[in-house]
Amino acid sequence: MGDRAGAIARAEQFFDSGAFKERLGRMVAYRSTSQDPGHDADLRAYLEEGLAPWVREMGFETTVHDNPVPGIGPILTGSRIEDPAYKTVILYGHGDTVRGLDDQWYEGIKPWALTERDGKWYGRGIVDNKGQHVLNLTALEAVLAERGGKLGFNIKLIVETAEERGSHGLKEFVASHKALLAADALIASDGPRVLPEVPTITTGTRGTYHFDLVVKLRPGGVHSGHWGGLTTDPAIILAHALTTMMDRNGKVLVRDFLPKSVPNSIRALLADCPLGGGGEAATIDEGWGEPGLSPAEKIYGWNSLIVLAMVSGKPDNPVNAVAPDASAHCQIRYTVDSDTAGFAPALRRHLDEHGFQMVAIENAAVRMAASRTSPDNEWVQFARASMEKTLGKKVQIIPNSSGGLPGDVFVDHLGVPLVWIPHSYSGCKQHGPNEHAIPEILREGLLGFTGIWWDAGEKPAKIAG
């Protein structure tokens, strides 16, 4: 019935032959953006034409469901049950992407075609998230071939098409399909490694909390010559309000936005955690952020405040007027140690104490909730041991990724531990133009996941022991 080395060799040959690249290129070609209007058919086609026929060949029973929220993309489920006594893993992915931003990519590169240049593979969704779930399914295919059509465990699949819109409808869908999706653990992939060369396991994600700060002073703009220097400028008021919330070195001054401390267990886990790989996209700036924390603690064990957008007047066509209003859209990336219910009241108190009663707080809410599984969980340790056996090097475990994912949905409604194994790096430019993958990371991820799927079938009734 084959062996572990044979399964890994199959995956290796598939990648090295160019077959994986060709498969991924076909998936990238679906213009399945959920952020631009007019792509509903592309979202459905990605599931019905791109994924469903392929996974049915692997023995999955599949269904494409309408999203419970009107106007939001569909959801694919698949189920492959070999024996009810076996452990069951649920595999998650999302087939939607952010906007294509077609006119902003490097010359000669388009978002909806896989293009190789300078040792990188470019394309929209190539790491977020098509390349990551296609890789995990390809690894499953290698194990099935080596074991003669058997896995030795059960697996369920859920692929949504609204993650880039906040996973609208996913919580409601999972809550109403608990029996269909019941599993023992979630093992899936999204996001970046801590460094391109360091295999990584993350056991949760930070959450995202959004709010608008708005200063509205008058019905319309007034002549800057007649009124400049006499009437209040809302942009200046807003700018000063923001400086009371964060100092010039990035320290958050609204302290109720923050956890009380980094737990000792998290500090220990991150004590020797490397960090970087942003390339030209970003840098780790010494002295920015919370004093006294390491870079890893700042991004994986602490909260950050970001101004995502600010506007006053007409930036694309300025007129000689004192603007009537100004607004800033802000975000808090937060860990599970935080009190999100207290964010808005704390901010209101803070602004009032600093004399900014005229600054309104609007649309304050959690977009994606934080999640965290204990790094000591048996499924986490199983995945770590399997990957280290396959790859022959240390795997870095982090308590949660720096970005957001809907892991809380699966914890709250299915009660599963989370094992996220990312196949990208922080300089991949996801969400912007020139999104790309490093083939060496994908290749290593494919081999590592093939080992995980093989080892999961070695002890079908249990993972540990």
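The paragraphs below lead through a predicted model, moving from its sheets to its helices.

Because the model is predicted, local features need pLDDT of at least 70 and side-chain atom pairs count only at pLDDT 80 or more, whereas totals for chains, interfaces and linings use all residues. Residues are numbered from 1 along each chain as its sequence is written, and side-chain values use heavy atoms, with hydrogens and water left out.

We can begin with an open sheet of four strands, whose order is β12-β14-β10-β15 and whose pairing is antiparallel. Helices (H or I, at least four residues) and strands (E, at least two) are DSSP runs numbered from the N terminus, and two strands pair if DSSP finds at least two bridges between them. Strands of a sheet pair through backbone hydrogen bonds, either parallel or antiparallel. In this sheet β12 (304-312) and β15 (360-368) stand at the edges with a single partner strand each, so one side of each is left without a neighbour in the sheet. Neighbouring strands are turned by 15° against each other on average, direction ignored. The pairing of β12 with β14 (residues 325-334) is antiparallel and extends over eight bridges, and Ser 304 has Arg 333 in β14 as its bridge partner.

Two helices lie across this sheet. Helix α8 (residues 234-245) lies across β10 (207-216), β12 and β14, and runs at about 20° to β14, while helix α11 (residues 343-353) lies across β10, β14 and β15, and runs at about 150° to β15. Such angles run from 0 to 180 degrees between N-to-C directions, and the axes are lines fitted to C-alpha atoms, for helices over the stretch in contact; contact itself means heavy atoms within 4.5 Å.

Ile 90 takes part in both pairings, for its bridge partner in β6 is Lys 156 and it stands opposite Leu 186 in β7.

Turning to helix packing, helix α2 (residues 19-28) and helix α4 (residues 130-146) meet at an angle of about 135°, with their axes 10 Å apart. The two are therefore oblique to each other, given that angles under 35 degrees count as roughly parallel, over 145 as roughly antiparallel, 65 to 115 as roughly perpendicular and the rest as oblique. Among the residues making the contact are Phe 20 and Leu 24 of α2 and Val 134 and Leu 135 of α4.

Helix α12 (residues 378-391) and helix α14 (residues 439-458) pack at about 125°, with their axes 8 Å apart, and are therefore oblique as well. Their contact includes Phe 382 and Met 387 in α12, and Leu 447 and Ile 452 in α14.

Finally, in helix α13 (residues 407-414) the buried residues include Val 409, Phe 410 and Leu 414, and the helix is followed by Gly 415, whose phi is positive, near 70°.

Notes: Buried < 20%, exposed > 50% of the residue type's maximum accessible area, 1.4 Å probe, protein only.
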